[in-house]
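Welcome! Here is a short briefing to read alongside the sequence and the 3D view.

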Amino acid sequence: LSLSENLTFTSDPRTSLFARFSHTRNDQGLAGAASVPDQDDRAEARDSLAQLGMRRRTSSRSHLWLGLSRPAGRFEVLDRDVDSRWVYIRDAGGNIVGMNASRQTVRSHGFVPELRLEYGMNRDPARPATLTLGAARASLSPTLTSDLLFTSGPPPVIVPFSTRLDAGLSATYAQWTQTASDSLSFAAQIRQQRLATTATTSLLGGGSASASVAQSHWLPSLLANYRADDRTLLRLFYNRQAQEQELTPIALRPMETLLTTEPLVIPKGSPKQTETVELDAERYLPSGAFLKLFLFRTTAADVTFGDLTTMRELERYGVGLRYERQLTRNLYGQVGYLWNRTDNDTPFAPFDGGTAPYHPVRLAGLSVNYIDRAGTKAALQLNYTGPFYQDTGSLSATSRPLFPAKTYVDLTLAKEPTLQNEFFLKIINLFDAQAIQFNDYPTGKRRVVAGWTRRW
């Protein structure tokens, strides 16, 4: 279930007010011990966002933005008979002694005020230049509660466990955006981001313990566009991001300016910091087709993924290609391909120095989309994932298990009888091909999503 509403109100020629409200709900079953659906197990996710903003023209060359966001979420796993694999605890020898029992709940809520000032530095409308100064502060309080089942000795013991994280995330930034010529434009940004957290964890023997950590980063970004001719665009990205404990995307969702790269260039897992360089070349061909080629290199530090040993450094580099064209009056096609290599530096791990776990070398996609004037829509998407290593957290493993290549098929059918209404049906993984997320945990089973979109 996904609901959203965006409102804009202009109170006078100098002032505009904005409001956005959204709520998503996703319920799904979990696989049991035999990798089949288990009726008493499920995962529930709820995410809500309320956002208010005001843009005020303070002079002929400047604008002031004020924003306030309130994100909230809840994620809960119910596993009453403890037959789904979700969370692992290992002893010193790498043996599993505990797993999730009964339930696991994560609740979070935040409060994000934001201030931004835009000032036009150039009076020439053909060569605009803008200086943007902004600041945002997020207060976030996620809490994890869980019942852990310990199986190291009879009888099994269920122990309540909880962790509360009080986090303050602040960001200040300055950005310069300029059209230097008819062919060249760029945006350069420097961001200072600080994260301070205090974690309070219940101890298995009773009582609690607290620990505080503060980290600060300077994060530069650059986006340069060069239009060689009417059909060709070259684009250069440089982007550094800090993503400690995944708080950045949770807390900072205001109307700030962020320079972003292709999503596939970021390694899987939760890195503390990433740094990406990407070069794009886009070309509109005489036939009306669109062709994009991109090269990239990303380094990531201190990457966590499931119960794998923390990977001290990942380096991901590769090349991607996307081709789009209109096949007939109502039919459109798209094909994409990505080749990459992801090396890792993880001392003492079996995969140290080799290809990082759960990172396939090849990814590809093919889609065909149909739409007509009556509002009938259909899409068929084929996604290919090459083979990848599926290592576990064991440091004594003598081999690296390999998950085979798979092709997944998605089907979407929709009808838009009016501009205000649309009905849709989407089947993800149409043929129920086998898939895993990590440590043999099954995911990607066939999903059917049906809905109605209403626009005002």
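## Getting to know Q175

Q175 sits in strand β9, which covers residues 157-179; strands (E, at least two residues) are DSSP runs numbered from the N terminus. This is a predicted model, where local features need pLDDT of at least 70, side-chain atom pairs count only at pLDDT 80 or more, and totals for chains, interfaces and linings use all residues. Residues are numbered from 1 along each chain as its sequence is written, and side-chain values use heavy atoms, with hydrogens and water left out.

**Around Q175**

- Q175 counts as buried because its relative accessibility is 6%; buried means under 20% relative accessible area, exposed means over 50%, and partly exposed lies in between (1.4 Å probe, protein chains only).
- The side chain of Q175 makes a polar contact of 2.6 Å with that of Q189, and another of 3.2 Å with that of T177.
- A polar contact is a pair of N or O atoms within 3.5 Å; within protein, one must be able to donate a hydrogen and the other to accept it, and residues adjacent in sequence count only if both atoms are side-chain atoms.
- Although Q175 and A188 are 13 residues apart along the chain, their C-alpha atoms are separated by 5.6 Å.

- T132 belongs to strand β7 (residues 129-140).
- With a relative accessibility of 5%, T132 counts as buried.
- Beyond its neighbours within four places in sequence, T132 is in contact (heavy atoms within 4.5 Å) with R116, L117, E118, Y173, A174 and Q175.

- Strands β18 (residues 376-385) and β21 (residues 406-415) pair in the antiparallel sense over 10 bridges; two strands pair if DSSP finds at least two bridges between them.
- Q381 has D410 in β21 as its bridge partner.
- β21 also pairs with strand β22 (residues 421-428), again in the antiparallel sense, over five bridges.
- A hairpin through five residues joins β21 to β22, and L413 stands opposite L425 in β22.

- L7, F21, L52, L68 and F111 make a nonpolar surface patch of about 440 Å².
- Patch residues have over 30% relative accessible area and no salt bridge; nonpolar side chains (Val, Leu, Ile, Met, Phe, Trp, Tyr) are joined within 5 Å, and like charges within 9 Å.
- A salt bridge is a side-chain nitrogen of Lys or Arg within 4 Å of a carboxyl oxygen of Asp or Glu.
- Accessible areas come from the Shrake-Rupley method with a 1.4 Å probe; for residues, only the protein chains shown count as cover.
- L68 lies in strand β4 (residues 62-79) and is partly exposed, with a relative accessible area of 34%.

Technical notes. Helix = DSSP H or I, 4+ residues; strand = E, 2+ residues; numbered from the N terminus.
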